Amino acid sequence: MKVPFFNYKKLYQKDKNLVDKAYKDVMNRGAFILQDDLEEFEKKLAKYSGSKYALGVANGTDALWLVLSAIGLNQSDEILIPSHTYIATPAAVKFLGLKPILVDCNKDHLMSIKDSACKLTKKTKVIMPVQLNGRTMNMDRLMEFANMEDLIVIEDAAQGIGSRYKKQMSGTFGLAGTYSFYPAKTLGCFGDGGIIVTNNGELYQKLYEMRDHGRSQDGNYNRWGLNSRLDNLQAAILLAKLELLDKEINRRREIAKMYNDNLLKTKEVILPPGPKANDIHYDTYQNYEVECENRDKLKKYLLDRGVSTIIQWGGQAIHQIAALNFEVHLPLTDNLFQKCLLLPMNTTLSDDEVYYIIESIQEFYK
Ligand SMILES: *Cc1c(COP(=O)(O)O)cnc(C)c1O
């Protein structure tokens, strides 16, 4: 059996009828930029997330960059970010001339509030929790910390769509949150795409103008802006796929349950919390990140048996990338990156494939 880590071809085949219908409809109308489909998708996504406003942009990285840029920070301001994140998070900070301050992780692989407190200075202005792997972190603690220290909260929920903490969706706790529609994300399009959600009308209006050359709804140029629009074609596809999102998430949770039920006894592998672990977190399993003994040997063993796995971010947390010159010691993240592994997790997987992966892991540790 061959189980790729992600099957991009199946992504289209799986929803072919739906996607073809949306595609043809947009093509026949010649509706490509800032059209009704985008507006409708924004409205539906806002409602789905429980936010007042949603604004489609070119990708998840731009979403972060635009929000940070819109809130008007000073060049020496410091932004707290977990080191276990995609390079897009600190890059958005860096390219605004701001200073990303990297923070260690917790046992659940998400940002440590304890370490965030250690990294505070007079210049700390923003904290950016990253809702990694489809899990929303303990937002009671995060919001309490942010309020106490007077920090603006911007959530990188690129991986968090649909995931909840105490019934509230990832991305909706702070001033603004962002999602990515990269094809492999829980809600993916067939190219690049992203969205910003917020309840702040003033911020929404500013961002609305910034993503389209500073233009407002009436066509006036109110400020400098750039081109970071979400294509209407992608928006139409996303609008159609949004209807399937809860079903997609259920399937991810089903796969997580299979891994959880069958690998719990394999003590060499530490699993993420199962889908029914508690009532506080509703996890969507954008990724299934385990910690395992003899990680590199297991990875090779699985590959020999046709199963592809990956180590997140090409094997390095942000502070470990030499070229970026971060001089910070993050022991928990360092430790995690010696053991972490992403098992295949997506809705193109069959039950047989999941059981094959499980059996192969059991076999390895026998
Ligand atoms: C995917 C991702 C992004 C960036 O999204 P793009 O749409 O690829 O720009 C940012 N942060 C995290 C944690 C991500 O996983």
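His-109 counts as buried because its relative accessibility is 7%; buried means under 20% relative accessible area, exposed over 50% and partly exposed in between, with a 1.4 Å probe and protein chains only. The model is predicted, so local features need pLDDT of at least 70 and side-chain atom pairs count only at pLDDT 80 or more, while totals for chains, interfaces and linings use all residues. Residues are numbered from 1 along each chain as its sequence is written, and side-chain values use heavy atoms, with hydrogens and water left out.

His-109 lies in the loop between β3 (99-103) and α6 (113-118). Helices (H or I, at least four residues) and strands (E, at least two) are DSSP runs, numbered from the N terminus. The phi angle of His-109 is near 80°, a positive value in a residue other than glycine. Asn-294 also has a positive phi, near 55°, and sits in the loop between β12 and α11. With a relative accessible area of 49%, Asn-294 is partly exposed.

Two packed helices are described by the angle between their axes and the distance between the axes. Axes are lines fitted to C-alpha atoms, for helices over the stretch in contact, and angles run from 0 to 180 degrees between N-to-C directions.

| Helix pair | Angle | Axis distance |
|---|---|---|
| α11 (295-304) and α13 (351-365) | roughly 130° | within 10 Å |
| α10 and α13 | about 30° | 10 Å |

The angle of roughly 130° between α11 and α13 makes α11 oblique to α13. By contrast, α10 is roughly parallel to α13. Angles under 35 degrees count as roughly parallel, over 145 as roughly antiparallel, 65 to 115 as roughly perpendicular and the rest as oblique.

The crossing of α11 and α13 is right-handed, that is, the near helix is turned clockwise from the far one by less than a right angle. On the α11 side, the contact (heavy atoms within 4.5 Å) is made by Lys-297, Leu-298, Tyr-301 and Leu-302, and on the α13 side by Ile-357, Ser-360, Ile-361, Glu-363, Phe-364 and Tyr-365. These residues divide into 7 nonpolar, 1 polar and 2 charged. Here Ala, Val, Leu, Ile, Met, Phe, Trp, Tyr, Cys and Pro count as nonpolar, Asp, Glu, Lys and Arg as charged, and the others, Gly among them, as polar.

The crossing of α10 and α13 is right-handed too. Arg-251, Ile-255, Met-258, Tyr-259, Asn-262 and Leu-263 of α10 meet α13 residues including Asp-351, Val-354, Ile-358 and Gln-362.

The largest nonpolar core has 32 residues, and Tyr-259, Tyr-288, Val-290, Leu-298, Leu-343 and Ile-361 have the most contacts inside it. A nonpolar core is a set of buried Ala, Val, Leu, Ile, Met, Phe, Trp, Tyr and Cys residues joined through side-chain atoms within 4.5 Å. Two or more residues of this core come from each of α10 (245-263), β12 (288-292), α11, β13 (340-343) and α13. The most, 7 residues, come from α13. Leaving aside neighbours within four places in sequence, Tyr-259 is in contact with residues including Leu-264, Leu-271, Tyr-288, Leu-343 and Val-354. A second, separate core of 28 residues includes Leu-73, Val-93, Leu-98 and Leu-330.

Helix α9 (residues 232-242) is largely enclosed by the rest of the structure, because 10 of its 11 residues are buried. Among the buried ones are Asn-232, Gln-234 and Lys-241. Their cover includes α2 (16-29), α3 (36-49) and α10.
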